[in-house]
Amino acid sequence: QVPLVESGGGLVQAGGSLRLSCAPSGSILSIGTLGWHRQAPGKQRESVAVITRDGTTNYADSIKFRFTISRDNAKNTVYLKMNSLKLEDTAVYYCNVQVQRYSGIWYDCWGKGTQVTVSS
């Protein structure tokens, strides 16, 4: 496994914006498919957005047209720009990164999560 460093969560008013970022810590060879997931209190974890190595994206219907996932392959970083935030977006957000180490082995890595709280 490779530790992931997440940042960008916090408290924001409804209608506001936040940008989350996530990157592997340490030396790696490559990154593959990247994604963001979230888990609200009392609910199951759900996929929010995914981006493949060729840039193909897929979004959950609940956040489509409000959130944008992007990647910077030079920095091995994935971003989630969240606009027009709603109360129901409040959750812990987790990044998920496929990481290839110099051994050639791929790992499916998860971040520890960053809290996003939307207030009225």
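Predicted model: local features only at pLDDT ≥ 70, side-chain atom pairs only at ≥ 80, totals over all residues.
A residue counts as buried when its relative accessible area is under 20%. By that cut-off, 6 of the 7 residues of strand E3 are buried, so E3 is largely enclosed by the rest of the structure.

E3 spans residues 18–24. It belongs to an open sheet of 4 strands in the order E1-E3-E8-E7, with antiparallel pairing. The edge strands are E1 and E7, each of which pairs on one side only. On average, neighbouring strands of this sheet are turned by 15° against each other, with direction ignored.

On one side, E3 pairs with E1 in the antiparallel sense, over 4 bridges. Two of the residue partners can be named: Leu4 is bridged to Pro24 of E3, and Val5 is bridged to Ala23 of E3. E3 also pairs with E8, again in the antiparallel sense, over 5 bridges. There, Ser21 has Tyr79 of E8 as its bridge partner.

In a regular strand the side chains alternate between the two faces of the sheet. Strand E1, residues 4–7, has Leu4 and Glu6 on a covered face. Its uncovered face holds Val5 and Ser7. Strands of a sheet pair through backbone hydrogen bonds, either parallel or antiparallel.

In soluble globular proteins, nonpolar side chains tend to be buried together. The largest nonpolar core of this model has 31 residues, and the members that touch the most other members are Trp36, Leu80, Met82 and Tyr93. The elements that give two or more residues to this core are strands E3 (18–24), E4 (30–39), E5 (46–51), E7 (67–72), E8 (77–82), E9 (91–100) and E11 (114–119). E9 gives the most, with 5 residues.

Leu80 shows how several of these segments meet. Apart from residues up to four places away in sequence, Leu80 touches Leu18, Arg19, Leu20, Trp36, Val48, Ala49, Phe67, Thr68, Ile69 and Tyr93. Two of these, Trp36 and Tyr93, are named with Leu80 among the core members that touch the most others.

Gln100 is located in E9. Is Gln100 buried or exposed? It counts as buried because its relative accessibility is 15%, which is below the 20% limit. When neighbours within four places in sequence are left aside, the contacts of Gln100 are Ile28, Leu29, Ser30, Ile105 and Trp106.

Gly113 lies in the loop between strand E10 (106–110) and E11. Its relative accessible area is 27%, so Gly113 is partly exposed. Beyond its neighbours within four places in sequence, Gly113 is in contact with Glu6, Val92, Tyr93 and Tyr94. Glu6 is one of the residues on the covered face of E1. Gly113 is also 17 residues from Asn96 in sequence, with the two C-alpha atoms 9.9 Å apart in space.

**Rings and charges**

A search of the whole structure finds 0 aromatic pairs. The charged end of Arg45, however, sits over two rings, as tabulated here.

| Charged residue | Ring | Distance to ring centre |
|---|---|---|
| Arg45 | Tyr94 | 3.7 Å |
| Arg45 | Trp110 | 5.1 Å |

Tyr94 is also one of the contacts of Gly113.

**Positive phi angles**

Most residues other than glycine have a negative phi, and most peptide bonds are trans. Asn76 is not a glycine, yet its phi is positive, about 50°. Asn76 is placed in the loop between E7 and E8. With a relative accessible area of 22%, Asn76 is partly exposed.

Ser84 likewise has a positive phi, near 50°, in a residue other than glycine. Where is Ser84 placed? Ser84 is in the loop between E8 and E9. Ser84 counts as partly exposed because its relative accessibility is 40%.

Conventions:
Residues numbered from 1 in each chain as written. Heavy atoms only, no water. Core = buried A, V, L, I, M, F, W, Y, C linked by side-chain atoms within 4.5 Å. Buried < 20%, exposed > 50% of the residue type's maximum accessible area, 1.4 Å probe, protein only. Contact = heavy atoms within 4.5 Å. Pairing = 2+ DSSP bridges. Axes fitted to C-alpha atoms, helices over the stretch in contact; angles between N-to-C directions. Phe/Tyr/Trp six-rings, centres within 6.5 Å; stacked < 30°, edge-to-face > 60°. Lys NZ or Arg CZ within 6 Å of the ring centre and 35° of its normal.
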